[in-house]
Amino acid sequence: NHTVKLPTDSRVFAEHVLPLIQTGKFERGLARRMPQVLEQGAKVLEIGAGVGFLAAHCSNIRNDLSIALQEENAGLRQMLLAVCAISERPFDSRFRLLNGTLGADLAQGALAMIASEKPDALLLADPGLSPQVLAQILQALPAPGQIFLYGRLLEQWHPQIDEINALFAALGYT
């Protein structure tokens with residue numbers, strides 16, 4: 001799939017996703033567009049990196065990016081390590097897997113991580129980041145220039161997308 005090798009493993013991916021992986025169409029839209037919209041030389045923080053597909057792909061084709069990944073789910077984190085290994089995407093100074101977790105207070109954990117990393121772009125896919133948690137995060141810090149919500153976060157909170165859109169609109173995001 002693009003520049004990242006993914007296993008067709010039903011223990012990791014839903015059955016309806018496996019054909020997309022087999023045909024090289026997994027997250028096709030994100031894989032094509034995200035590298036184009038991230039600013040030149042951006043520091044990127046991805047919270048909820050899943051198996052690391054998007055960050056690894058962006059890092060593989062944009063050597064100007066500095067990407068820090070975080071994944072709370074131990075099983076997905078283990079698969080992230082495996083995906084990076086089979087894809088020959090080493091961790092280095094510009095592609096880092098963070099050791100920290102968000103902890104029990106997701107908003108405070110995310111805020112600490114954002115404050116530590118100081119990203120230009122924030123990729124959020126952790127499903128624990130509810131609209132209420134997002135509001136706490138965004139209202140407590142000077143937000144990065146770019147914020148993208150996708151994946152498991154949107155799947156979990158899609159019924160409240162209008163609330164999320166209103167939150168971002170109030171902060172000047174589109």
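Does Lys 118 count as buried or exposed, and at what relative accessibility? Keep the question in mind; the tour reaches this residue at its second stop. The model on screen is a predicted one.

**Stop 1: two helices**

Select residues 106-117, which form helix H5, and residues 131-140, which form helix H6. The two helices pack at an angle of about 40 degrees, and their axes lie 9 Å apart. Their crossing is right-handed.

Now show the side chains where H5 and H6 touch. On H5, pick Leu 106, Ala 107, Ala 110, Leu 111 and Ile 114. On H6, pick Val 133, Gln 136, Ile 137 and Ala 140. Sorted by class, this contact has 8 nonpolar residues and 1 polar residue, with no charged residues.

**Stop 2**

Move on to Lys 118, in the loop between H5 and strand E4 (121-124). Lys 118 is not a glycine, yet its phi is positive, at about 50 degrees. Here is the answer to the opening question: Lys 118 counts as exposed because its relative accessibility is 57%, and the cut-off for exposed is over 50%.

**Stop 3: the loop between H4 and E3**

Select Glu 88 next. This residue is found in the loop between helix H4 (74-86) and strand E3 (95-97). Glu 88 has a phi near 55 degrees, a positive value in a residue other than glycine.

Methods
Residues numbered from 1 in each chain as written. Predicted model: local features only at pLDDT ≥ 70, side-chain atom pairs only at ≥ 80, totals over all residues. Heavy atoms only, no water. Axes fitted to C-alpha atoms, helices over the stretch in contact; angles between N-to-C directions. Helix = DSSP H or I, 4+ residues; strand = E, 2+ residues; numbered from the N terminus. Left-handed = near helix turned anticlockwise from the far one by under 90°. Contact = heavy atoms within 4.5 Å. Nonpolar A, V, L, I, M, F, W, Y, C, P; charged D, E, K, R; others polar. Buried < 20%, exposed > 50% of the residue type's maximum accessible area, 1.4 Å probe, protein only.
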